[in-house]
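Q: Can you walk me through this structure? I'd like to go piece by piece.
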Amino acid sequence: MFQFDRAAYDKRMEWFNHDRFGLFIHWGLYAIPARGEWVRSREHMTEAQYREYFNAFNPIDYDPRAWAKAAKAAGMKYAVLTAKHHDGFCLFDSKLTDFKSTNTPCHRDLVREYVEAFRAEGLKVGLYYSLLDWNHPDYPHYADAHHPMRDNPDWKDYKYDFNKYLDYMHGQVRELCENYGKIDVFWFDFSYNDMTAEKWRATELVRMIRSYWPDVIIDSRLEATHSPNNGLENGEPNEYSGDFAGPEQIIPPEGVTNRKGEPIAWEACITMNHHWGYASADKEFKPASMLVRKLVECVSKGGNLLLNVGPDARGRIPRESLEILAEIGRWMDDNGESIYGCGRSSLPKPEYGRITQKGSTLYYHIFEPQIGAIPLTGLKKEQVKSMYLVRDGSERPISDEWATGQYPDIPFVSANGESVRLPDETDTVIAVELAGSAR
C-alpha cells in the first residue's frame with residue numbers, strides 16, 4: 001500500500017523550488033515542415049509522407065553547448081528536452097526502434113550530446129517523453145482523439161495490441177534511465193479521455209524510474225489534469241501522481257493549490273511565440289520585458305517558469321529567441337536574488353507590481369513608474385530594518401517627503417529619486433529586510 005512520504009518529497013523538491021527558471025526545448029522532425037510539433041496530426045499525414053522528413057533530417061548546426069551557454073546566461077538552472085514527442089521519433093539511440101536520430105543522415109545521439117553539454121554548464125537535465133506515439137503500430141489509430149489516422153476508414157478494422165506498445169514505452173524509458181546518467185526531471189505528456197493513469201501502467205512505470213533515480217522529479221501528466229481522481233490536485237497523491245502541476249500557456253490567477261487549499265509545487269510552461277516546435281512563419285514573439293514579469297509573477301505565486309524554444313531543422317535556436325534569452329539574462333544578472341530561493345509572500349499584491357519573498361527579505365517588484373515615493377503595501381514602518389536597490393545594492397531609506405506624512409503608518413521608498421523613469425523599466429526591485437533579519 002503506497003504511503004506518501006512528505007519528508008522525502010520535500011527533500012527532492014528543494015532544488016526545483018529554489019531554481020524557479022528553466023528551458024523547455026521542443027525539437028524533432030517537425031522542424032523541417034516548420035509548422036509546429038502537431039503537424040502530422042493536424043494535416044493527417046500518412047507514415048510514408050512523414051517519413052520523408054526522417055530521410056532528410058540532418059541538423060548540421062546542432063551545438064548543444066551553445067544551447068546550454070545561452071540557457072545559463074539567461075539565468076536558467078535546468079532544462080527539459082523532447083527525447084520523444086507524439087510523432088514517435090526519438091532523439092536518442094533506442095534499441096527498440098529504427099525511428100531515431102542515429103538512423104537519419106545526422107547519425108547522432110542528440111540526447112546524449114544534450115545531457116553532456118548541459119551538465120557541463122552546471123544545469124540540471126530533464127527529458128520529456130510523450131506517452132502518445134503516432135509511429136508505433138500498436139498505438140490506437142482510428143477513432144483515437146489525436147492520431148493522424150483517426151478519421152481514416154482504412155484503419156477502422158486495424159487490430160493492435162496496446163500492451164505491446166506499453167512494453168515498448170516502458171522499455172524506452174528504462175533506456176533513458178540506464179544510458180544517460182542521472183536524470184533530474186522526467187516530463188511525461190499527456191493523459192486524455194480514458195488514456196490515463198494505470199492505462200499507462202503508471203505505478204509500474206514510476207517504480208521503475210525511481211529504482212534508478214529515487215530523487216527524480218516527475219510531472220503530473222500520467223494522470224489527467226483536473227480529473228476528479230487526480231491525486232496531486234485532490235490532496236491524496238497516488239504513487240504515479242507526480243511531484244508538480246504543469247499549467248500550460250497560462251499562469252494560474254492565484255497559484256496552484258489542491259482541493260484542501262494546500263499549495264502545490266507547479267511550473268508554468270510557456271512558449272515565446274505561439275508554437276512549441278519550430279514554426280517559420282510565426283514571428284509574434286513575446287517581448288523579454290513581458291517574460292521577465294511573467295517569471296516574477298510565477299515566483300510570487302509559488303511557481304516556476306519553463307520557457308520554451310523551438311530550434312530549426314539545422315539545429316539552431318531562432319535568433320529572436322536567443323535575443324530574448326540574452327535580454328532576460330541581463331535582468332537576471334542584476335536581480336536574480338529576487339527569484340532564486342524565493343516564493344510567495346503573505347502580503348497583498350501591490351497595484352504597481354509583485355512581491356517575492358525569501359526568508360525575512362521581501363522583494364518589491366516595481367513595474368510602473370509612480371508619482372512620488374512608492375508605498376510598501378502591507379508593511380508598517382517599524383517592520384523595516386533596511387532597504388536597498390537589488391541591481392546595485394545601493395541603500396534606499398524610508399522616504400521623508402512631506403506628502404507621505406499623510407500616511408504615517410505606511411513606509412514609502414524612492415526608487416528613482418528625481419527621475420520620472422525607474423532605474424530598470426522592465427522591473428525595478430527593492431529589497432526590504434524586515435526587523436530581526438541580517439543582511
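This is a predicted model: local features need pLDDT of at least 70, side-chain atom pairs count only at pLDDT 80 or more; totals for chains, interfaces and linings use all residues.

Q: Okay, using that, which residues is Y62 in contact with, leaving aside its neighbours within four places in sequence?
A: Y62 contacts W27, W67, R108, L110, E113, Y114, R314 and G315.

Q: Where is Y62 found?
A: Y62 sits in a loop. That loop runs between helix 4 (47-56) and helix 5 (64-73).

Q: Is Y62 buried or exposed?
A: Y62 is buried, because its relative accessibility is 5% and the cut-off for buried is under 20%.

Q: What does the side chain of Y62 have at 2.9 Å from one of its polar atoms?
A: The backbone oxygen of L110. L110 is also among the contacts of Y62.

Q: How far apart are the C-alpha atoms of Y62 and R316?
A: They are separated by 6.2 Å. Along the chain, the two residues are 254 residues apart.

Q: New topic: K84. Where is its place?
A: K84 belongs to strand 2, residues 78-84.

Q: And is K84 buried or exposed?
A: Buried. K84 has 0% relative accessibility, so it counts as buried.

Q: What do the polar atoms of the K84 side chain lie close enough to for a distance of 3.3 Å?
A: Two things. The side chains of K84 and Y129 are joined by a polar contact of 3.3 Å. The backbone oxygen of L132 lies 3.3 Å from a polar atom of the K84 side chain.

Q: Which residues does K84 touch, not counting those up to four places away in sequence?
A: The list includes F89, C90, Y128, S130, D133, Y165 and Q172. Y129 and L132 are on it too.

Q: How many bridges join strand 3 to strand 4?
A: Five. Strand 3 covers residues 124-130, strand 4 covers residues 185-189, and they run parallel. S130 has D189 as its bridge partner in strand 4.

Q: Now the four strands: what order do they take in their open sheet?
A: They go 8-9-13-11, with antiparallel pairing. Strand 8 (353-358) and strand 11 (384-389) are the edge strands, each pairing on one side only. From one strand to the next, the twist averages 20 degrees.

Q: Which helix packs on that sheet?
A: Helix 10, residues 288-300. Helix 10 touches strand 8 and strand 9 (361-366), and its direction makes about 50 degrees with that of strand 8.

Q: Last one: what volume does the largest pocket have?
A: About 460 Å³. The largest pocket is lined by 22 residues, with R6, Y9, P263, I264 and A265 nearest its centre. Helix 1 (residues 6-12) gives the largest share of that lining, three residues.

Conventions:
Residues are numbered from 1 along each chain as its sequence is written. Side-chain values use heavy atoms; hydrogens and water are left out. Two strands pair if DSSP finds at least two bridges between them. Helices (H or I, at least four residues) and strands (E, at least two) are DSSP runs, numbered from the N terminus. Axes are lines fitted to C-alpha atoms, for helices over the stretch in contact, and angles run from 0 to 180 degrees between N-to-C directions. Contact means heavy atoms within 4.5 Å. Buried means under 20% relative accessible area, exposed over 50%, partly exposed in between (1.4 Å probe, protein chains only). A polar contact is a pair of N or O atoms within 3.5 Å; within protein, one must be able to donate a hydrogen and the other to accept it, and residues adjacent in sequence count only if both atoms are side-chain atoms. On a 1 Å grid over the protein atoms alone, a cavity is a set of points where a 1.4 Å probe fits but cannot get out, and a pocket is an open set with protein on both sides within 12 Å along at least five of seven lines; lining residues have an atom within 4 Å of a point. Grid points are joined across faces, edges and corners, and a volume is the space filled by probe spheres set on the points.
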